[in-house]
Amino acid sequence: MTVGAPSIAPRVDVLGVPVARLSFEQLLRRLDEALRAERERPDYYTYVNAYCATLAARESPYRASVSRADVVYADGIGVVWAARLLGGPCPERINVGPIELGRIVDLCAERGASVFLLGGAPGIADEVARRLVAERPGLRIAGVHHGYFAPEEEAAVVRQINGSGAALLIVGLGPPKQELWVSQHLAALQVRATWCMGGLLDQVAGAVAYPPEWVRRSHVQWLYRLAVEPRRLWRRYLLGIPEFIGRVVHQRLRPERQA
Ligand code: UDP
């Protein structure tokens, strides 16, 4: 039986992106519902932080692909503050790290729902699968695929995902690629839910250091990541954060001019 689309969480517009005002527990409950219901298309979740929001403000195809998500959550205290300034309460920052990923796959194991991991350099998703299953033998990984495929291989990747029987597709291609990819293939994907997770697979595989819990809780995770990968990330943070603040202030002062 096909069940109607689930209700939409209250949202607030941050630089043109509809940010959901919900907690991680609420999102897990929504995933739980999605895993059990047969719907016309997968439930689609992704995140925005200050970097993603400025990227979305600048690049309309990315903004459209993020806005298609059923849940866009605030993955960064900057977006939580911006949401509060622009529209009302946003319960918390949702940062999906190894602990939260554990909760997500525990839920899948409990529901008998298998998981497909897409993204990262060759070998990364395999290593994540090995580690997750070693910790919870009840979990079924339906398949894995690296994230460096050519456009002409995309149809085969979608076929592999659909043929695997996975219920949850975890996509770690990094923004904007992951949202553009999911948005493009959403109608063809025969999974119950798809969740964009950026560089988390690298961290869970041990290829990139993951910040200690106190760093995560003190909201300076971006500084830690900058120290770990300065060449890749300096532009994102050192130029991106001031731009984000400027754009949010501008939206607050002149909401009608916002994209
Ligand atoms: N990635 C990929 N295919 C690509 C480009 C990137 O699989 O064509 C992966 C890359 O290996 C890394 C992740 O995407 O695992 C990058 O995510 P990023 O750190 O930018 O995302 P964040 O977590 O910061 O949102």
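I first looked for linked charges, and found that Arg30, Arg41, Asp43 and Asp70 are joined in a network of salt bridges, a salt bridge being a side-chain nitrogen of Lys or Arg within 4 Å of a carboxyl oxygen of Asp or Glu. The model is a predicted one, in which local features need pLDDT of at least 70 and side-chain atom pairs count only at pLDDT 80 or more, while totals for chains, interfaces and linings use all residues. Residues are numbered from 1 along each chain as its sequence is written, and side-chain values use heavy atoms, with hydrogens and water left out.

I then searched the whole structure, which gave 17 salt bridges.

One of them pairs Arg216 with Glu100 at 3.0 Å, N to O; this pair links distant parts of the chain, with Arg216 in helix 10 (residues 213-217) and Glu100 in helix 5 (residues 98-111), 116 residues apart. Helices here are DSSP runs of H or I with at least four residues, strands are runs of E with at least two, and both are numbered from the N terminus. I noted that Arg216 and Glu100 are both buried, where buried means under 20% relative accessible area, exposed over 50% and partly exposed in between (1.4 Å probe, protein chains only).

I also looked up Arg36, whose salt bridge with Asp32 has its closest N and O atoms 3.2 Å apart. Both residues lie in helix 1 (residues 24-36), four residues apart, about one turn of the helix. Arg36 counts as exposed at 54% relative accessibility, whereas Asp32 is buried at 12%.

Last, I checked helix 3 (residues 60-67), whose buried residues are Tyr62, Arg63, Ser65 and Val66.
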